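Visitor: I have not looked at this one before. Can you walk me through the side-chain contacts?

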Amino acid sequence: MLLLQPRAVPAPALRGRPPRPRRRLVPPPLASASGSIVVSSDEDAFTRCSGYLFEEGAATESELPTAYDLPGIAAVYRRRPLLVLRRSLQIGTSFGQWFALRYLDRVNERADDMFELRAAQLRRILLELGPAFVKIAQAVSSRPDVVPPAYLDELSLLQDRIAPFSNDVAFNIIEKELGLPLNMIFSEITPEPVAAASLGQVYQARLRSNGKVVAVKVQRPGVQAAISLDIYILRFLASLARKAAKLNTDLPAVLDEWASSLFREMDYREEARNGLKFRELFGKFRDVSVPEMYLEQTRRRVLIMEWIEGEKLSEVRDQYLVEVGVYCSLSQLLEYGFYHADPHPGNLLRTVDGKLAYLDFGMMGEFRQDLRDGFIEACLHLVNRDFDALAKDFVTLGLLPPTAQKGEVTKALTGVFENAVNRGVQNISFGDLSGNLGRTMYKFKFQIPSYFSLVIRSLAVLEGIAISFNPNYKVLGSSYPWIARKVLTDSSPKLRSTLQTLLYKDGTFQIDRLESLLTESLRARTEQSLVRNQQEDVNSTRYAIKQVLSFTLTDQGAFVKDLLLQEIAKGIDALGVATLSSATSAAASRLPFAGGPSPLTSLDDEDATNLRNLYRLLLLLSKVSQKENPSPSPGYNSAIEKEGGSTDELSLALYEMTSLPEFLPVLSVIPEVSWT
């Protein structure tokens, strides 16, 4: 750590005592004992092969727009055709040689033997090509269910192992951006970066003004020009690919969305504002840590933020913090509509006090309320096998054009999703759904809206990180309980209408669907339930009953409570009719020549259905159904949803509802439930 005296000394001449011993700094990309980054020989290729872009970029950046503006970028590079040609040839020959080698491996039947070597070569190619390609690789480096392990291991190295640029240049950038000598800003700063990434590198420092330890991120010089050139070329290639392959997805628009977010990421002032908003929304969540941003000291190419110590989440295998991340991510996406769109392993840490820390707020996304509601509706309709409604949801979300043939789309979606849903919601893989859906996209002119690309990326990365801990993890399985709780408690008229439609099929109350939603909602991780070593057994009958009653008897569950009271009232009326009929039959049976059908056969279909529903509601609250009649998984349509039913079933229901001890657990917890 350099100790800086408060006098104007040029950065290259700074001297100080040897660095103090410190705890290991995280993220610690191959840190040496002195805290500097160790760079292997192949990493020097980053500057060696694409360094000309940064040299040209130093002069070009002043001409380029600071926000993503394709016409402005095109105007700059049309005046530099030789540079565009040189870069295009570099990209083409780099990938062309690699694909040729892969082809020869297959021809010579050596593909398996050469797999790991080709994966390492691909990583070096991406590293040589620079930041834009590194960012693309990072987008898929957290999907072990999609990317082969050998490629995954190699691509994951791109998150940290990137050669840093000159410290003298970095310190000069800090001084130029902040308008002060380095020693007037910091009392200490590490002589070497503690982390280097595709866009910049990070130093640890101590602010002179308040003595707080901070991370100082400095943007790599020329990086904006290099990325601008690559986007200019890639967008041209995307347009050609769309026309040549007749793709339905608007590839140029998807690339524009990604490029816009990347340009925002390169403006560190925007990242600081994102960090402040993220901290305000999610910094108070249990066991979530969001660093403080120093907006006044942040400039376009220099970011100063609170230093967070910890270890990568992917290295500590903390299942509890994965659940915290799932809950926090769902809240970001579906509750607040402001989400971290780049949650790769390098941006998620386990702090020294056991919290989940989010870093790097350059790539954020916003999800409009109508689209959030549409996404929730689509999940509900998928799990409950309502594929006709799911087809309409896809139109709402912009995945299908309004002119699509709904009937044929419904049939196709049934074929795509039915097998996955049959395995149960907890076994549905987001990756499987995406892959299966992709096979039908071309026929029905599916398209990926540009806004949706970041949402898909966020969910895919989340599942990919979790799979590295637990191969059986399914993000939709973890998300559905949260979605169930959301649709049961949300005051949105649209979601209430969806719930009403879901629970009433042809005017008949679907008790199984309500039971499924309530049961799943109890599995939802909430801020209150996310506690390490929770003392209360969440699987105990008493706790479950208390949770159900607490939900249905409070303001949040008011809408469901009204539905329940309505159905219970119908059931009590039917019970009265059945009881009276039974008593009358019992009295008649004592008369001579008594006989005839069972008294319950006199109930009409509506009363019989209401009686069965009442019985199921009481079982749900008492949790007897968990022991003898397990509730079906979401989407399962049992005989309860069918009309009719045997007289024996009704007789059993009537008998058990007269047995008070079966429902004593319900009564015993009512005094403990808050009614406010």
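Guide: We will go through charged pairs, then rings, then a surface patch.

Visitor: What kind of model is it?
Guide: This is a predicted model, in which local features need pLDDT of at least 70, side-chain atom pairs count only at pLDDT 80 or more, and totals for chains, interfaces and linings use all residues. Residues are numbered from 1 along each chain as its sequence is written, and side-chain values use heavy atoms, with hydrogens and water left out.

Visitor: OK, how many salt bridges does the structure hold?
Guide: There are 20 salt bridges. The term means a side-chain nitrogen of Lys or Arg within 4 Å of a carboxyl oxygen of Asp or Glu.

Visitor: Which residue meets Glu-292 in a salt bridge?
Guide: Lys-212 does, at 4.0 Å from N to O. Glu-292 lies in the loop between strand S6 (288-289) and strand S7 (302-306), and Lys-212 in the loop between strand S4 (200-207) and strand S5 (213-219), so the pair ties together parts that are 80 residues apart in sequence. Helices (H or I, at least four residues) and strands (E, at least two) are DSSP runs, numbered from the N terminus.

Visitor: Is Glu-292 buried or partly exposed?
Guide: Glu-292 is partly exposed at 28% relative accessibility, and Lys-212 is partly exposed at 39%. Buried means under 20% relative accessible area, exposed over 50%, and partly exposed in between (1.4 Å probe, protein chains only).

Visitor: And which residue does Asp-318 form a salt bridge with?
Guide: Its partner is Arg-350, with the closest N and O atoms 3.0 Å apart. Asp-318 is in the loop between helix H12 (313-316) and helix H13 (319-336), while Arg-350 is in strand S10 (residues 348-351), 32 residues apart. Asp-318 is buried, with a relative accessible area of 10%, whereas Arg-350 is partly exposed at 25%.

Visitor: Switching to rings. How many aromatic pairs does a search of the whole structure find?
Guide: It finds twelve. Rings of Phe, Tyr and Trp (its six-membered ring) pair if their centres lie within 6.5 Å; planes under 30 degrees apart count as stacked, over 60 as edge-to-face and the rest as tilted.

Visitor: How are the rings of Phe-95 and Phe-133 placed?
Guide: Their centres are 6.0 Å apart and their planes at 45°, so this pair is tilted. Phe-95 lies in helix H3 (residues 81-107) and Phe-133 in helix H5 (residues 131-140), so the pair ties together parts 38 residues apart in sequence. Both residues are buried.

Visitor: What about Phe-278 and Phe-361?
Guide: That pair is tilted as well, because the planes are at 40°, with the ring centres 5.2 Å apart. Phe-278 is in helix H11 and Phe-361 in the loop between strand S11 (356-358) and strand S12 (364-366), so the pair ties together parts 83 residues apart in sequence. Phe-278 and Phe-361 are both buried.

Visitor: Which residues do ring pairs link into a cluster?
Guide: The cluster holds Phe-278, Phe-282, Phe-285, Tyr-327, Tyr-336, Tyr-358 and Phe-361.

Visitor: Last topic, the surface. Which residues make the nonpolar patch?
Guide: Leu-101, Tyr-103, Leu-104 and Val-107 make a nonpolar surface patch of about 370 Å². Patches are made of residues with over 30% relative accessible area and no salt bridge; like charges are joined within 9 Å, nonpolar side chains (Val, Leu, Ile, Met, Phe, Trp, Tyr) within 5 Å. Accessible areas come from the Shrake-Rupley method with a 1.4 Å probe, and for residues only the protein chains shown count as cover.

Visitor: Where is Val-107?
Guide: Val-107 is in helix H3.
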